[in-house]
Amino acid sequence: MLQAAPPLVLHAGLVVLAYLIGSIPFAVVVTRLMGMQDPRTYGSGNPGATNVLRSGNKTAAALTLLGDAAKGWFAVWLVRQLAVPADTGWTIVALAALAVFLGHLYPVFLKFRGGKGVATALGVLFAISPWLALATVATWLIIAVFFRYSSLAALVAAVFAPLYYLYGSNLAWHAEPPLLAAVIAISLLLAWRHRANIGRLLNGTESRIGQKKKS
């Protein structure tokens with residue numbers, strides 16, 4: 001009779017699985033299935049929804065966004081269902097949240113050259129709390145609509161996401177320290193991945209939302 005895997009082995013496997021799920025490059029998968037140019041060959045070269053949008057194909061960009069967000073949500077949701085026991089469960093969920101995000105940033109399937117993680121981070125937040133995700137999306141939308149810079153909107157949303165989680169716990173959820181640490185880590189990594197964008201924002205050369213690639 002087969003014995004159940006001990007919790008340590010199970011949890012380690014779940015974290016690795018979360019990383020592999022995060023490594024699925026939906027920008028490359030979607031554009032390839034639609035017969036489009038590889039997004040790594042134009043614009044910023046970033047395999048993400050914003051760069052796919054520069055091709056002019058809004059459907060491909062939307063599918064990429066949904067795929068990248070869905071993998072972040074699914075990995076965290078799956079681990080929340082399987083992580084045991086209760087006293088270490090939130091720590092494993094937090095590690096999985098960080099792992100799926102790192103999978104998108106440094107995917108094993110693309111030689112560790114991935115995207116910047118905005119959509120995947122959103123999916124992770126949605127799995128933690130839909131209200132947390134909605135508050136973060138609202139922040140992104142406000143900045144994006146007024147300034148038309150996806151990178152700036154992402155950076156501002158990254159700053160506010162940990163604050164929403166911490167202070168929103170007084171209203172809608174109970175803040176778990178491991179999850180707070182994971183949200184902070186994801187926000188810092190997201191800012192780090194946007195360091196080149198920060199430079200372009202400062203010197204006025206950053207591309208605006210919807211701007212097509214230069215020929």
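The lining of the largest cavity divides into 8 nonpolar, 6 polar and 2 charged residues, where Ala, Val, Leu, Ile, Met, Phe, Trp, Tyr, Cys and Pro count as nonpolar, Asp, Glu, Lys and Arg as charged, and the others, Gly among them, as polar. The structure is a predicted model, in which local features need pLDDT of at least 70 and side-chain atom pairs count only at pLDDT 80 or more, while totals for chains, interfaces and linings use all residues. Residues are numbered from 1 along each chain as its sequence is written, and side-chain values use heavy atoms, with hydrogens and water left out.

The structure holds 1 cavity of 30 Å³ or more. The space in the largest cavity comes to about 60 Å³. It is lined by 16 residues, and Ile24, Pro25, Pro47, Lys71 and His104 are the closest to its centre. Two or more lining residues come from each of H2, H4 and helix H5 (86-105), with H2 giving the largest share, 3 residues. Helices here (H or I, at least four residues) are DSSP runs, numbered from the N terminus. A cavity is defined on a 1 Å grid over the protein atoms alone, as a set of points where a 1.4 Å probe fits but cannot get out; a pocket is an open set with protein on both sides within 12 Å along at least five of seven lines, and lining residues have an atom within 4 Å of a point. Grid points are joined across faces, edges and corners, and a volume is the space filled by probe spheres set on the points.

The second largest pocket contains about 270 Å³ of space. Its lining is made of 14 residues, and those nearest the centre are Ser44, Asn46, Gly114, Lys116 and Arg193. By type, this pocket lining has 4 nonpolar, 4 polar and 6 charged residues. Helix H10 (residues 195-203) contributes the most to the lining of the second largest pocket, with 3 residues.

Attention now turns to the salt bridges. A salt bridge is a side-chain nitrogen of Lys or Arg within 4 Å of a carboxyl oxygen of Asp or Glu, and by this rule the count comes to 3. Lys71 pairs with Asp68, their closest N and O atoms being 3.5 Å apart. The two residues are separated by about one helical turn, because they are 3 residues apart in helix H4. Lys71 counts as buried because its relative accessible area is 4%, and Asp68 is likewise buried, at 2%. Buried means under 20% relative accessible area, exposed over 50%, and partly exposed in between (1.4 Å probe, protein chains only).

Another salt bridge links Arg200 and Glu206, with the closest N and O atoms 2.8 Å apart. Arg200 is partly exposed, with a relative accessible area of 28%, whereas Glu206 is buried at 7%. Asp38 and Arg40 also form a salt bridge, in which the closest N and O atoms are 2.7 Å apart. Arg40 is partly exposed, at 35% relative accessibility.

On the surface, a nonpolar patch is formed by Val16, Leu20, Ile24, Val29, Leu33, Met34, Leu63, Leu66, Val108, Phe109 and Phe112, which together have about 1,000 Å² of accessible area. Helix H1 (7-22), helix H2 (26-33) and helix H4 (58-82) are the elements that give two or more residues to this patch. Patches are made of residues with over 30% relative accessible area and no salt bridge, with like charges joined within 9 Å and nonpolar side chains (Val, Leu, Ile, Met, Phe, Trp, Tyr) within 5 Å. Accessible areas come from the Shrake-Rupley method with a 1.4 Å probe, and for residues only the protein chains shown count as cover. Val16, in helix H1, counts as partly exposed because its relative accessibility is 49%.

Phe112, one of the patch residues, lies in the loop between H5 and H6. Its phi is positive, at about 65°, although Phe112 is not a glycine. Lys111 is placed in the loop between H5 and helix H6 (118-128) and has a positive phi near 55°. Most residues other than glycine have a negative phi. Lys111 counts as exposed, with 71% relative accessibility.
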